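Hello,

The structure is below for your files. My notes on it follow.

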Amino acid sequence: MGRPFLNFLKVFLPFALILFAIQFYTVSNFVEATLYYSTVSNYAFHILATILIYAILLYINLNFEDKTGFAFMGMGLLKMLAAVLFLLPALLNDEVSIFAQVIAFFVPYFIFLIFETTFAVKLINHNK
């Protein structure tokens, strides 16, 4: 699990830091709405979730190669549930801009999901 995971981190961490810098600059300078979660909190969620999901996928791929696709779909469902639970306090708060918070959270969510999907497909296709 060590080598593929390190290769993933070598690509993922710079990618995540660049996205974080772009969103942090954008939110700091152009968004006037009050947000419940900061950009740091949003990206902490996304980065930790993505690393955890890929580590679990690698483990499953090493031990149960034929179940990697199912594991990816299941982890995606769990990530969506975690995202809803993460955003729930913001959605229930009347003092923040719900639209701005949802956009600030889900734009990187889908970008990270595309990244996860790309690496998961490479992992699944490597087995064939």
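Nonpolar patch

Helix H3 (residues 68-92) supplies the largest share of the nonpolar patch, six residues; helices here are DSSP runs of H or I, at least four residues, and strands are runs of E, at least two, numbered from the N terminus. The patch covers about 650 Å² and consists of Leu78, Leu81, Leu85, Leu88, Leu91, Leu92 and Ile98. Of these, Leu78 sits in helix H3. A patch takes residues with over 30% relative accessible area and no salt bridge, with nonpolar side chains (Val, Leu, Ile, Met, Phe, Trp, Tyr) joined within 5 Å and like charges within 9 Å. A salt bridge is a side-chain nitrogen of Lys or Arg within 4 Å of a carboxyl oxygen of Asp or Glu.

This is a predicted model, where local features need pLDDT of at least 70 and side-chain atom pairs pLDDT 80 or more, while totals for chains, interfaces and linings use all residues. Residues are numbered from 1 along each chain as its sequence is written, and side-chain values use heavy atoms, without hydrogens or water.

The chain as a whole

The chain has four helices and zero strands, in the order α-α-α-α from the N terminus. Along the principal axes, its C-alpha atoms fill a box of roughly 50 × 25 × 20 Å. Of the 128 residues, 38% are buried (under 20% relative accessible area, 1.4 Å probe, protein chains only). For contacts (heavy atoms within 4.5 Å) between residues at least 6 apart in sequence, 78% join residues at least 24 apart.

Regards

Methods
Buried < 20%, exposed > 50% of the residue type's maximum accessible area, 1.4 Å probe, protein only. Areas by Shrake-Rupley, 256 points an atom, 1.4 Å probe, with all protein chains shown as cover.
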